Amino acid sequence: MNPAARGPVPGGVEALPSRLGQRLQGTTDWLDRQARLGMAPLSAAWRRSLQLRVAATTTIVTGLIVLLIGLFLVDQIGNGVLKAKRDASISQASLGLDAATAQFEGLTPGDINGIRQAVDQITSDPTRSSGVLGGALFTKVVRAADQVVNRQLPATQPVPDELRRQVDRGTMAVQYAPVRMPGQSGEVPGLIVGQPLTTQAGAFELYYLFPLTAEQKTLGLVQRTVLIAGLALVLLVAAIAALVTRQVVRPVRVAAQTAGRLAGGELSERIRVTGEDDIALLGESFNDMANSLQQQIQRLENLSRLQQRFTSDVSHELRTPLTTIRMAAELLYASRDNFAPELARSAELLTNELDRFESLLADLLEISRYDAGAARLETEQVDIRGIVERAVTAAQPLAARHGVELRTDLGDGPVLAEVDARRVERVLRNLLGNALDHAERRPVTVRIGADEASVAVTVRDEGVGLRPGEAALVFNRFWRGDPSRSRLTGGTGLGLAISLEDVRLHHGWLQAWGARGRGAVFRMTLPRVAGGPLNSSPLPLEPPEVREPSGVLEPPEVLA
């Protein structure tokens with residue numbers, strides 16, 4: 001088979017540009033990633049270290065100033081050296097003009113041999129100048145204005161055309177150009193001084209070629225000296241800036257570390273003060289502030305302990321007389337049919353208020369345990385739907401008695417989470433009781449949502465709702481939105497406060513939303529794994545039909 005009839009070979013020459021482009025792009029991406037990885041530690045150090053920023057800024061500014069001053073000094077020194085060389089070269093050329101003219105005395109334009117001997121005499125050997133140039137080597141070049149005569153003269157170094165044209169006009173001219181010295185293979189920077197030479201043998205041009213090797217070495221030495229001195233100065237200034245900044249930054253770091261330990265509960269931490277300067281004054285002021293804070297915190301802790309103990313002691317001490325009163329009230333309640341109507345009603349009211357009083361005592365004891373830090377979770381993996389169903393079932397008689405429809409949206413499958421079932425059920429009962437208390441015979445909806453990391457339950461009523469700012473108050477102890485309203489459930493005023501503490505214990509969120517006339521929504525969000533992170537909630541806080549709510553309120557507490 002003809003190889004040409006097989007078509008292009010896959011991955012052959014036709015694919016080379018594409019493969020090269022892919023490899024080049026991959027290399028570029030790798031270099032970008034490496035550059036970002038390499039800059040990340042430097043960027044972090046720049047943001048965190050005041051000493052580094054001050055030292056680096058001082059070094060950069062000093063470096064720029066030293067660079068400008070160094071360039072200025074090198075430029076001035078270089079101009080001075082070259083000017084001195086130029087003046088000396090012009091003086092040397094002027095002095096040598098008479099000697100060169102004397103070599104052509106007695107010669108005529110047709111005496112070619114004599115002219116050649118005169119030119120050889122002038123340019124035969126490198127000459128050392130005396131006095132003015134300090135013994136520097138230079139060479140001479142003689143050219144005839146007549147080209148016929150010039151071709152019969154010995155070959156010489158080329159001279160720039162522009163310089164020759166200036167000399168042809170009868171004036172002395174100077175130009176910087178490369179020159180070649182005898183005994184050297186290459187050209188070196190040089191200075192050429194040209195002038196017309198008028199003799200009896202004809203018109204000639206005399207050029208002095210001065211090498212600038214010594215001046216170049218001098219300028220190199222000056223540049224190196226300025227560079228080394230500039231670098232030493234920059235490093236010295238950077239070290240001084242770092243040292244001075246450290247003297248200021250170190251006390252600030254000590255103060256920051258001490259403040260962090262104070263915030264962590266080490267109230268006895270203080271800054272060691274030395275000297276009498278401004279830093280010492282700052283340390284003394286910081287220590288005075290720490291002493292005041294420690295005294296205030298200790299006073300508040302003592303008051304809190306007294307309050308907690310008082311609440312706990314009163315609650316326990318009331319148990320015994322309450323038990324006696326309960327027994328007497330139950331006896332009266334059981335015999336109420338034998339009493340007059342007003343006495344029978346009094347027995348019923350006494351029993352109801354005793355029930356409420358017992359609930360209040362139980363809530364006070366629970367709150368005191370939270371205040372004392374004695375509350376503990378007893379977690380197990382349970383189906384949240386079962387807890388919601390038990391709470392809804394317990395609330396059904398109260399809802400039916402007051403004409404409120406309880407609706408549930410529990411999803412299809414089980415919703416498993418590691419929680420304390422008793423505490424979660426208590427939270428839901430409190431939320432349902434609060435919703436029924438404010439539903440005004442409108443439906444109350446309970447909804448469950450879940451994702452991989454969290455589970456949420458919302459309880460929404462369509463009653464009076466909340467005024468702006470009240471969502472931040474609903475979890476306060478004994479707070480009531482409208483003190484004149486009667487409670488359907490006979491609550492103690494501590495239910496939502498205890499619910500918030502129960503959710504906090506789970507590292508979860510309990511949030512509220514409300515708008516006047518649109519009802520309220522309470523959302524409980526818990527991590528599926530006990531103590532796990534919580535970044536978002538699977539259910540929205542605002543109702544879906546509310547687009548521009550007039551009372552969207554921030555949650556009073558969010559525990560992440």
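The second largest pocket of this predicted model is lined by 16 residues, and Pro251, Ile271, Arg272, Thr274 and Ile279 lie nearest its centre. A pocket here is an open set of points on a 1 Å grid over the protein atoms alone, reached by a 1.4 Å probe, with protein on both sides within 12 Å along at least five of seven lines; lining residues have an atom within 4 Å of a point. Its volume is about 390 Å³, where volume is the space filled by probe spheres set on the points, and points are joined across faces, edges and corners.

Which helix gives the most to this lining? Helix 6 does, with 6 residues. Helix 6 (213-263) and helix 7 (278-317) each supply at least two residues. Helices are DSSP runs of H or I with at least four residues, strands are runs of E with at least two, and both are numbered from the N terminus. By class, the lining holds 10 nonpolar, 3 polar and 3 charged residues. Here Ala, Val, Leu, Ile, Met, Phe, Trp, Tyr, Cys and Pro count as nonpolar, Asp, Glu, Lys and Arg as charged, and the others, Gly among them, as polar.

Residues are numbered from 1 along each chain as its sequence is written. Local features need pLDDT of at least 70 and side-chain atom pairs count only at pLDDT 80 or more, while totals for chains, interfaces and linings use all residues; side-chain values use heavy atoms, with hydrogens and water left out.

Let us step back to the whole chain. It has 12 helices and 13 strands. Of its 560 residues, 36% are buried, where buried means under 20% relative accessible area, exposed over 50%, and partly exposed in between (1.4 Å probe, protein chains only). Among contacts (heavy atoms within 4.5 Å) with a separation of 6 or more, 65% join residues 24 or more positions apart.

Now to helix 11, residues 421-438. Its 18 residues reach 26 Å from the first C-alpha to the last, close to the 26 Å expected at 1.5 Å a residue; the expected span is 1.5 Å times one less than the number of residues. Helix 11 is largely enclosed by the rest of the structure, because 14 of its 18 residues are buried. Asn434 sits in this helix and is buried. Beyond its neighbours within four places in sequence, Asn434 is in contact with Leu496 and Phe522.

Glu440 has a positive phi near 55 degrees, although it is a residue other than glycine. Arg441, also not a glycine, has a positive phi of about 65 degrees.

| Residue | Relative accessible area | Class |
|---|---|---|
| Asn434 | 19% | buried |
| Glu440 | 41% | partly exposed |
| Arg441 | 61% | exposed |
| Arg442 | 36% | partly exposed |

What does Arg442 touch, not counting residues up to four places away in sequence? Its partners are Val404, Glu462 and Gly463. A polar atom of the Arg442 side chain lies 3.2 Å from the backbone oxygen of Glu462. The C-alpha atoms of Arg442 and Gly403 are separated by 8.2 Å, although the two residues are 39 residues apart along the chain.

Methods: A polar contact is a pair of N or O atoms within 3.5 Å; within protein, one must be able to donate a hydrogen and the other to accept it, and residues adjacent in sequence count only if both atoms are side-chain atoms.
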